[in-house]
Structures are given as C-alpha cells and as structure tokens.
Amino acid sequence: MLLEMKNIHKSFPGVRANRGIFFDVEEGEIHTLLGENGAGKSTLMNILFGLYVPDEGEIYWKGQKTETANTREALDLGIGMIHQHFMLIPKFTVVENIVLGTWEGRNPKLEVDGAARLITQLSQEYGLRVDPWALVEDLSVGEQQRVEIIKALFRGAKLLIMDEPTAVLTPGEVEDLFKVLLKLKEENRSIIFISHKLEEVKLISDRITVLRDGSVVATVTNTPDLDRGKLAHMMVGREINFNIQKPPSSQGKVVLSIKNVRTATRAEQVGLKEISLDVHRGEIYGIAGVDGNGQDELAEASMGLLKIHKGKIEIMGKDTTGWKTRELRKLPIAYIPKDRHNVGLVMDFTVRDNFVLDRVAKKPYGNPWSLNLKVILENALDLIKRFNIHTPDAKTEVQKLSGGNQQKVVLARETGQPVDLIIAVQPTRGLDVDASRFVFDTMLAARAQGAGILYISTELEEIMGLSDTIGVLYEGEQIGSMPGAEADLQTIGLLMAGERMQ
C-alpha cells in the first residue's frame with residue numbers, strides 16, 4: 001500500500017470538515033474522492049499535502065508512519081498536488097514557475113536552461129504541449145494545467161493529487177488529460193482524483209471513495225455496471241432527478257437585443273464578429289460552444305465590461321450601447337460571472353456583506369453616509385434560508401464556504417429579488433450534482449416569473465436540458481441557432497467544430 005490515512009479528524013470554527021476518515025491508495029491506482037461541495041475532500045487532501053495539520057489521526061507512506069507537517073515534507077515524500085485554482089505566477093515564464101522553490105546549496109538558484117530542456121522532454125514524453133519560455137498569463141486554462149502537471153513530475157511526484165481537474169477544461173482537454181493520467185498509471189504512479197462529475201469518475205477510476213458531511217460513506221470498486229444514480233444517492237443522501245423538466249416557454253417581449261455587435265480581439269479572446277440575437281421574457285437562450293469562442297466577450301459586452309466597436313445592444317427597449325457597468329447595475333439585471341472568486345465575490349468579505357456589494361448606498365440598506373446594519377443582517381438571514389446556504393453564520397467570510405455555497409451566495413444576491421434579465425456564465429462550473437440542480441431550479445423559477453435568461457455554458461447536457469433556444473458560437477460568430485426542442489448532440493457538436501448550418 002502506497003498511502004494510508006487513518007482516523008483523520010479536522011475542525012474549523014463552526015465546521016467539522018473531516019470526521020474519522022480512513023482512506024488508502026495503492027501503487028499504480030487512480031482512486032477518486034467523490035462528494036458534494038463541502039463534503040471534506042479538499043480538506044483531507046490539504047492535510048495530506050501539508051497545508052493543514054489534522055486534529056487527530058495518522059498517515060502512513062509505504063507502511064511507515066509519517067507526518068506531512070508542511071508542503072516541503074510532502075514533496076520530499078513524492079506527493080504532488082494540483083489545486084483547483086492553479087498555484088502559478090502569471091508574470092513568470094513556465095520554466096520559472098516550475099523551478100521556483102527548488103534549492104541548491106545555501107541559496108535559491110534558478111537553473112532555467114537545464115530545467116527548460118527537462119520540461120521539453122517531459123512535455124514530449126507525456127503529450128503535455130507547453131513552451132517552457134511562454135509567460136503563464138498568455139496560456140489557456142488547459143495549458144496552465146499542463147504546467148502544473150509538469151511541475152509535479154519535474155519534482156518527482158509518485159502520488160499526484162488532482163483537485164477538480166476537469167472543472168475548467170473543454171471536452172477535448174478532458175480527453176487529453178485522461179490519456180496523461182492513464183500513462184502515469186502505467187508507470188506505477190498513483191493519482192487521487194477529486195471530482196463530482198459522475199460520468200468522468202466512472203470512466204477514469206479504479207476505486208471510488210464517497211464522502212458526505214466529512215465522513216466516508218463507502219469505498220467501491222469501479223465496474224461497468226456501477227450506477228451513477230447510486231453514486232449520487234451516496235453523495236447527497238437522497239435520490240437525485242437527473243432529468244430537467246420544464247413547462248413550455250411562454251415568451252414575451254424582448255429583454256435583451258444584440259444587433260450586429262463586433263468587439264476587438266485581445267489576449268486569449270477572439271472578439272465578437274457581427275453577433276445578433278434576441279432574448280425574450282420567459283425564455284432561456286442557451287449559448288453552446290467550446291470555451292474561448294466568444295462566450296466571455298458576449299457576456300462582458302452585454303454588461304458594459306467590454307467596449308463595442310460596432311452594433312447596438314438594447315436592454316428592455318433601452319439602447320444601452322456604451323453604458324458603463326455601474327449604470328447597467330441600476331437596471332433589474334442579474335449577472336452571474338464565470339469567475340465567482342475574482343469577479344462575483346469579495347472573498348475576504350462576509351456572506352452578509354457580499355449580499356449588498358452594489359446596493360449599500362441604497363434604501364433600505366443605507367445611504368452614501370451610513371449603513372443600516374440591522375436591515376443588511378435581516379436581508380442576509382432571509383437569503384441564507386431561502387437559498388439553503390450552508391454557513392456557520394451570516395458574518396462568516398465567504399472564502400471559508402465550499403464552492404457550491406459560494407455560488408449560492410452569488411445566486412442569492414443576483415436573483416433573490418425579481419429581475420427582468422439574467423446573464424449567467426458557466427454558473428455550474430465546479431459544482432456538484434446537487435448544487436448544479438439548485439442552479440437549474442433557480443433559472444427555471446426566474447423563467448416562470450417572466451425573466452429572460454442568457455445562459456452560457458460549455459456543458460452540453462445542461463444547455464440542451466434547460467434551453468428554449470440554443471445558439472452556438474464558433475470563433476466569435478454565432479454560426480447556428482435552433483429551438484431547444486429540435487436540437488440534438490450531433491448537430492450541436494458539428495456546429496461547435498465550425499460546420500455551419502445549411
């Protein structure tokens with residue numbers, strides 16, 4: 001046995017993250033940790049990697065009791081970790097990021113030339129296409145993940161911890177990643193794969209350990225007849241309905257009209273090329289496409305975050321072309337950004353304060369000179385209850401919540417009151433099956449109340465299940481659109497690959 005973790009306990013103020021967990025990994029095994037957001041997966045792995053110290057419990061490495069009191073000790077054992085949010089310095093090159101923290105003699109010494117040659121060798125050996133001299137800030141998300149994998153291999157990892165590695169990858173990048181993981185497995189390296197995507201888990205795992213509320217529910221051997229409904233039930237403790245059921249759309253007036261909009265290209269963005277579409281009241285207009293084909297620009301242009309070079313945008317009949325985001329936020333619009341950490345939330349603010357980020361100077365929450373803390377707290381308690389947000393209290397920093405509950409904070413702030421338009425970008429990214437279901441229900445409830453919804457996602461299953469109309473973006477153009485009821489995977493897939501509709 002390569003690794004054994006025995007009776008691991010870990011608590012934080014107001015939260016018991018791990019409750020007597022037993023977990024082991026064999027050599028040459030891909031062992032998945034499966035569980036909903038907040039189940040204790042990341043905490044357990046942060047203990048293994050030396051970022052947290054357990055309150056109780058023991059760790060054995062190759063049969064010998066050990067302590068990973070810090071990350072240096074974990075790295076020396078041969079444990080590498082790729083975090084869900086990459087630990088890279090954007091302004092540094094690939095090679096500088098990989099050698100950073102390595103030591104020779106008495107002083108830190110960056111031997112970049114020799115390291116670059118080894119990085120190129122590893123890149124070719126494992127099919128991880130990366131230029132060692134490229135700046136990290138110029139790389140796509142998939143390329144940054146390759147850098148993290150190479151960094152772990154460069155440092156001799158025998159056990160690789162991957163925390164939600166597919167959350168930000170396109171389907172093609174997921175396929176490439178799985179090829180790398182299987183090659184590592186053939187070399188007798190081990191992988192701990194943290195995920196909540198049931199189909200991917202079934203595809204890649206040798207064994208699956210399910211956590212719920214900080215405890216191990218079961219460890220099962222992955223078999224072809226393993227049912228995803230059973231796995232989901234173990235994760236959340238109840239049956240999950242995977243089918244999205246919605247009544248027929250009752251479309252009303254246009255709430256968002258985008259007419260021949262063009263934007264400039266910039267780093268990692270293709271720009272929009274004569275985009276036109278209308279979103280009606282009571283309609284979910286889904287935007288499909290491989291990530292990086294104009295989805296971000298479409299949302300940013302609509303919200304005044306990106307300059308429009310040509311065309312016009314109207315919201316509820318008003319020409320909002322050129323409006324600043326501050327002006328747009330005064331309209332009954334909800335905006336759920338792709339990046340909840342850097343755009344959707346202020347991570348070191350409390351849950352209570354994140355609910356009123358853009359309205360603290362408005363009645364009843366306050367005015368330009370003072371805050372009504374009583375009303376702000378009452379609002380927070382109401383939203384926490386209505387959106388079932390798991391938090392010790394309203395004054396807990398939002399960074400201490402699980403990813404699913406952080407997203408619920410964004411949803412509660414944006415849709416906790418009636419709105420006419422919702423712009424949602426990758427709203428289920430990084431969320432478990434139960435939290436994703438909550439997002440779907442929130443969108444459908446807003447639709448029933450007459451909101452128009454522009455729903456942007458790379459998850460085809462949810463686009464096809466939720467959307468009344470589906471548009472497909474390719475290289476900044478909408479190359480096809482169709483009623484959701486008439487869409488099929490083959491047609492959508494061809495459009496995503498750039499084949500135009502006849």
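Glutamate 164 counts as buried because its relative accessibility is 6%; buried means under 20% relative accessible area, exposed over 50%, and partly exposed in between (1.4 Å probe, protein chains only). This glutamate lies in the loop between β9 (159-163) and α6 (171-186). Helices (H or I, at least four residues) and strands (E, at least two) are DSSP runs, numbered from the N terminus. Although glutamate 164 is not a glycine, its phi is positive, at about 50 degrees.

The model is predicted: local features need pLDDT of at least 70, side-chain atom pairs count only at pLDDT 80 or more, and totals for chains, interfaces and linings use all residues. Residues are numbered from 1 along each chain as its sequence is written, and side-chain values use heavy atoms, with hydrogens and water left out.

A positive phi also occurs at asparagine 188, a residue other than glycine, where the angle is near 70 degrees. Asparagine 188 belongs to the loop between α6 and β10 (190-195). With a relative accessible area of 42%, asparagine 188 is partly exposed. A further backbone feature is the cis peptide bond that joins lysine 363 and proline 364, with omega at about 5 degrees. Proline 364 is placed in the loop between α12 (351-354) and β19 (366-367).

Valine 360 lies in the loop between α12 and β19 as well. Its relative accessibility of 30% makes valine 360 partly exposed. Contact means heavy atoms within 4.5 Å; leaving out residues up to four places away in sequence, valine 360 touches Tyr365, Gly366, Asn367, Ser370 and Leu371. Arginine 262, which is 98 residues from valine 360 in sequence, is 35 Å from it in space, C-alpha to C-alpha.

The interior may be approached through its nonpolar cores. A nonpolar core is a set of buried Ala, Val, Leu, Ile, Met, Phe, Trp, Tyr and Cys residues joined through side-chain atoms within 4.5 Å. The largest such core has 48 residues, of which Phe355, Ile389, Val409, Ile422, Met443, Tyr455 and Ile492 touch the most other members. Helix α15 (residues 433-448) gives the most to this core, contributing 6 residues. A second, separate core has 36 residues, including Phe86, Val94, Val136 and Met162.

Which residues does valine 409 touch, not counting residues up to four places away in sequence? Valine 409 touches Leu345, Val351, Asn354, Phe355, Ile389, Val398 and Leu401.

Phenylalanine 440 is found in helix α15 and counts as buried at 10% relative accessibility. Apart from neighbours within four places in sequence, phenylalanine 440 is in contact with Ile244, Thr428, Tyr455, Glu462 and Leu466. Phenylalanine 440 and leucine 466 are 26 residues apart in sequence, with 7.4 Å between them in space, C-alpha to C-alpha.

Proline 337 occupies the loop between β18 (333-336) and α11 (340-344). Proline 337 counts as buried, at 5% relative accessibility. Residues up to four places away in sequence aside, proline 337 touches Val343, Gly344, Val410 and Val425. The C-alpha atoms of proline 337 and proline 427 are separated by 7.4 Å, while the two residues are 90 residues apart along the chain.

Leucine 3 is placed in strand β1 (residues 3-12) and, at 0% relative accessibility, counts as buried. Not counting residues up to four places away in sequence, leucine 3 touches Phe23, Asp24, Val25, Leu48, Ile59, Tyr60, Trp61, Leu159 and Ile192.

The chain as a whole remains to be described. Its secondary structure comes to 17 helices and 24 strands, and buried residues make up 53% of its 502 residues. Of the contacts in the chain with a separation of 6 or more, 67% are between residues 24 or more positions apart. The C-alpha trace spans about 70 × 55 × 50 Å along its principal axes.
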